[in-house]
Amino acid sequence: MPVKSYTYIFEEFGGSDVLHWKEVELPEPGVGQVLVRHEAIGVNYIDIYHRTGQFAAPLPLPSGLGMEGAGIVEAVGADVAGLMVGDRVAYAGGPPGAYSTSRLVPAARAVKIPDSIPSDIAAALLFKGLTAEYLITRCYSVQGGDTVLFHAAAGGVGQIACQWLNHLGANVIGTVSSEAKAVVAKENGCHHVINYSSENFVERVRELTGGKGVDVTYDSVGLDTFLGSVDCVKVRGTVVSFGATSGPVPLLDVSLLGAKGSIYLTRPSIAHYTAVRNELEASAAAVFDKIEKGIIRTDNISRYSLKDAAQAHRDLESRRTSGALILTP
Ligand SMILES: NC(=O)c1ccc[n+]([C@@H]2O[C@H](COP(=O)([O-])OP(=O)(O)OC[C@H]3O[C@@H](n4cnc5c(N)ncnc54)[C@H](OP(=O)(O)O)[C@@H]3O)[C@@H](O)[C@H]2O)c1
């Protein structure tokens, strides 16, 4: 029987006011799909890039929004192995559309949530946790004793990554835009915090590392920080550019990487690090394990009603938030 869902869609790219509600009838799940009734939905900065059309390949319109949710499987399509009606699942990735009361999800993107973890926590932390996992253990494998610079350390991905890096025994330097966020970053794994609104972060990193530079810089801020990030790494160090909250990363003359010290540069995407099912499962298991052990904290989640998604977007893009954001139907 068709199921009703209330969902956000947008028909043009723009500000948070382009989002509007629509009642839709969901068909039975197709091959490889499950119907999920959401208990909570994760808000990620990528949702803002999607809404504004900021990506190199913008979404076809009209479009739903949201890459992450958690809830109960209410129907299962053909050729779905390992999931049953009543299972509690979380998913990250796949087609946008999580800002809804229920939706069809590719079963290949869904993982069962351990009994010990509430659905709202899974919705808040899975996408960001998967991101932190692949960035710090696979994209560049951080070792105990490495010195790491992580920008936007008080943000959603930033907090999880810095908690995890600290657990790995890295020396963690975080950047933030305010003194209040500096306190948050310190409480979440950073040994040193630089306010990049008021300090020259390149000079501070050089001071903190005795002029040597860090082993790896993780940069999701883009325009405002990218060139400085290259200046912060040691000879043969690595720059991981994984986002552009301040604007697109400037075009780079590749020879600069040689001149700056044979620097490694990568621009990874979660899509490519979780596309293979056993990598997704292993990454999700690592995230859930870190949550269960208290290594990833669950106490800094901002909660909004699903109907207030536009407000959540305004808060996120105006840098008023720290930690993860969720919407509840
Ligand atoms: N490549 C991937 O696989 C992947 C996957 C997930 C997320 N990401 C990226 O990771 C980043 C963090 O995502 P998130 O969802 O956890 O968001 P978030 O970090 O909670 O929020 C973004 C933060 O970026 C900082 N920022 C710096 N300049 C900004 C500007 N001009 N406008 C807005 N924010 C600015 C702000 O922190 P301060 O106020 O402290 O500067 C802000 O809180 C995003 O760039 C996202 O695209 C990439």
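This is a predicted model: local features need pLDDT of at least 70, side-chain atom pairs count only at pLDDT 80 or more; totals for chains, interfaces and linings use all residues.

Colleague: In what order do the strands of the open sheet of six come?
Modeller: The order is β11-β10-β9-β12-β13-β14, with parallel pairing. Strands pair if DSSP finds at least two bridges between them. Strands are DSSP runs of E, at least two residues, and helices are runs of H or I, at least four residues; both are numbered from the N terminus.

Colleague: How many bridges join β9 to β10?
Modeller: Four, between residues 147-150 and residues 171-176, and the two strands run parallel. Phenylalanine 150 has glycine 174 in β10 as its bridge partner.

Colleague: New topic. Which residues are closest to the ligand?
Modeller: Gly155, Gly156, Ser177, Gly243 and Ile270 are the closest of the 28 residues around the ligand. A residue counts as near if its C-beta atom, placed from the backbone, lies within 6 Å. Elements giving two or more residues to that shell are α1 (45-52), α2 (119-139), α3 (156-168) and α10 (309-317). The most come from α3, with three residues.

Colleague: What classes are in the shell around the ligand?
Modeller: Eleven nonpolar, twelve polar and five charged residues. Ala, Val, Leu, Ile, Met, Phe, Trp, Tyr, Cys and Pro count as nonpolar; Asp, Glu, Lys and Arg count as charged; the others, Gly among them, count as polar.

Colleague: Why does the ligand lie between domain 1 and domain 2?
Modeller: Because domain 1 (3-126 + 271-328) and domain 2 (143-267) both give residues to the shell around the ligand. The bounds come from an automatic or database domain assignment. The centres of the two domains, taken over C-alpha atoms, are separated by 28 Å. Eleven residues from domain 1 and 14 residues from domain 2 make the contact.

Colleague: And the β15 and β16 strands, how do they run?
Modeller: They run parallel, with five bridges joining residues 301-305 to residues 324-328. Serine 302 has leucine 325 in β16 as its bridge partner. From β15, the chain crosses through α10 to β16, and this β-α-β crossover is right-handed. That term means a clockwise path from the first strand over the helix to the second, with the strands pointing away from the viewer.

Colleague: What is the order in the open sheet of three strands?
Modeller: It is β2-β1-β4, with antiparallel pairing. β2 (20-26) and β4 (63-64) each have a single partner strand, so one side of each is left without a neighbour in the sheet. Strand β1 (residues 3-10) pairs with β2 over seven bridges. There, lysine 4 stands opposite glutamate 25 in β2.

Colleague: Where is the cis peptide bond?
Modeller: Between leucine 61 and proline 62, with omega about -5°. Proline 62 sits in the loop between α1 and β4.

Definitions and conventions:
Residues are numbered from 1 along each chain as its sequence is written. Two residues are in contact if their C-beta atoms, placed from the backbone, lie within 7 Å.
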